[in-house]
Amino acid sequence: RRRGRWKGRGAPFFASQMPMKEVCAMRATGTRKEAWKVEGLFCAGKMGATIGLLNALGVDRGPDTVDGKPSYERFIFDRRRLLQAELWRSLGGDEAFEGATEYARRLCRKRSLCLSQVLLRRYLPSERRAHPDHFDSQARATMVVALNDSTFYDGGYYYLSDDGATRHFVELNAGEAFVHAFDLRHGVEVTRGTRYSLVLWFKTLKSLKSGRTPWHDRRAAMGDPDAAYMVASATAKAAAASSRLSSSPVSKNNVEEELEEKELYDRAASLGSGDALLNRGVIASRARDFEKAVACFRMAAKRGKATAMRYLAAAYASGNCGGGPHDDAAAADKWLRRAADCGDAAAMRAVARLDDDRTLLRRAADLGHPDACLDLVHDSLQTRIPPTDDPTVVTLALKRAVANGADTVRTHLLLGRLYAGEAPAVLASDLTEALRCFALVLSSSPSNLDAAHRLTALYCGGYTSQATRPPPLLLFGLPLKKRLLFHHSDERTNEPCTVSSRGNKINKMS
């Protein structure tokens, strides 16, 4: 950019393309958010080989820093350390990444920018499908490069001008890049197909050495609400790290850090940050200051925060808002449905269960909500679901539930029921796998009566020949084939008793 004109190959996305209301609000703080779509930085012909190599090497499934779910990413460069030389070379090597760094310097008008971290991400139908909108607070600039064309998926990378604003999806084909600074809110949502991307984070050389992010402090001093929130969030993370290292959880330093954290969130909230209002409400709720929490949730919800709407609905449902039972129930239902309309997967699942809406439940499952995925599987085992329902939807939902950290007990119970032949159109019967799943449930939750009853039924009458009988499984240290001992309740007296492998009640248990 020189004298107000763009001289590069990229087509700039300026704030003037965003809704006028949000543009005026941003200009009032003295800032303007810019991003650029750039072509030709990476060779599109090399992306297929990179995808194949990534799938062969595998991805890391550690908790993501945004939502704590499995990340499905692979770091190839981290703070001047090359971690994956093969992937680095497949993308063009030093020449390609030096060119990308130089381009980021020109776009952001910051000659001291250098490469901080490089990683690859994938979004498969059976794995992660969405990344909630957030800021890359640890980077001065971000570059996202598509590894496959946009025709292979629906949705993709999007940015927002402000809290609750309209999502602007960026169509990127293989080799094309989208570059933006730290102050642009963005996220990912893939509704169909498979998406692969390369992410490059840049920092100044000074911040790379010190580990600090001074650009947030400067922008917060100018009154930018998002920057003020990022300063508060960084302080909260540092306080959490120091409390884990501290020998006493209620030390003087921890109390002072907590007070500083509250003050910073209050300042960001006063500037209009919906994220700060949401976090301040969570802090107040943990301190059982429900009046403060509800007030923060309500203000954040009015700014378009879907999570705050769901938390406000929960507060009304629990009776912490001071209204009558009828008014609280109506308000809880209203805010829960608003959260679902704004795209909150947990709220979608709750509304779907209330209205028995399978379409909405599938939308929540498509976003990767683990309980919604398991609900789809559970519904497929009920007789009220038509047998013409696509079996691949159910099996895909089960895989996605496991990939997004679903409850292992419920997952293995449902998988065991599928293997036991309760839905033959969905999954072929495999009694050995069914036994293994039910045994895993009981090893994690010995008092699970559902798994105990089904396991007993399989061993008592589930096999017609000795050739198909599986080897003895051990449960509670005893051969399960010889004797099954389960905690069970008598249907008539509701008292605990013991059940043998033939299903006969043996004696009362204290």
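G272 counts as partly exposed, at 25% relative accessibility. The model behind this value is predicted. The structure holds 27 of them.

**Around G272**

- G272 sits in a loop. That loop runs between helix α8 (252-270) and helix α9 (274-286).
- Why is G272 partly exposed rather than buried? Its relative accessibility is 25%, and buried means under 20%.
- G272 touches P225 and R303, leaving aside residues up to four places away in sequence.
- A300 is 28 residues from G272 along the chain. The C-alpha atoms of G272 and A300 are separated by 8.9 Å.

**R121 and E73**

- R121 and E73 form a salt bridge. Their closest N and O atoms are 3.0 Å apart.
- Which strands does this pair link? R121 belongs to strand β5 (residues 113-123), and E73 belongs to strand β3 (residues 73-78).
- Are R121 and E73 buried or exposed? Both are buried.

**D78 and R79**

- The side chains of D78 and R79 also meet in a salt bridge. The N to O distance is 2.8 Å.
- D78 counts as buried because its relative accessibility is 13%, and the cut-off for buried is under 20%.
- R79 is partly exposed, with a relative accessible area of 48%.

- R185 forms a salt bridge with D226. Here the closest N and O atoms are 3.8 Å apart.
- R185 lies in strand β11 (residues 185-193), while D226 lies in helix α7 (residues 225-245). The pair therefore ties together parts that are 41 residues apart in sequence.
- R185 counts as buried, at 2% relative accessibility. D226 counts as buried too, at 6%.
- Which residues join R185 and D226 in one network? D133, D275 and K305 do, through salt bridges that share partners.

**To recap**

- G272, in its loop between α8 and α9, is partly exposed.

Definitions and conventions: Residues numbered from 1 in each chain as written. Predicted model: local features only at pLDDT ≥ 70, side-chain atom pairs only at ≥ 80, totals over all residues. Heavy atoms only, no water. Salt bridge = Lys/Arg side-chain N within 4 Å of Asp/Glu carboxyl O. Helix = DSSP H or I, 4+ residues; strand = E, 2+ residues; numbered from the N terminus. Buried < 20%, exposed > 50% of the residue type's maximum accessible area, 1.4 Å probe, protein only. Contact = heavy atoms within 4.5 Å.
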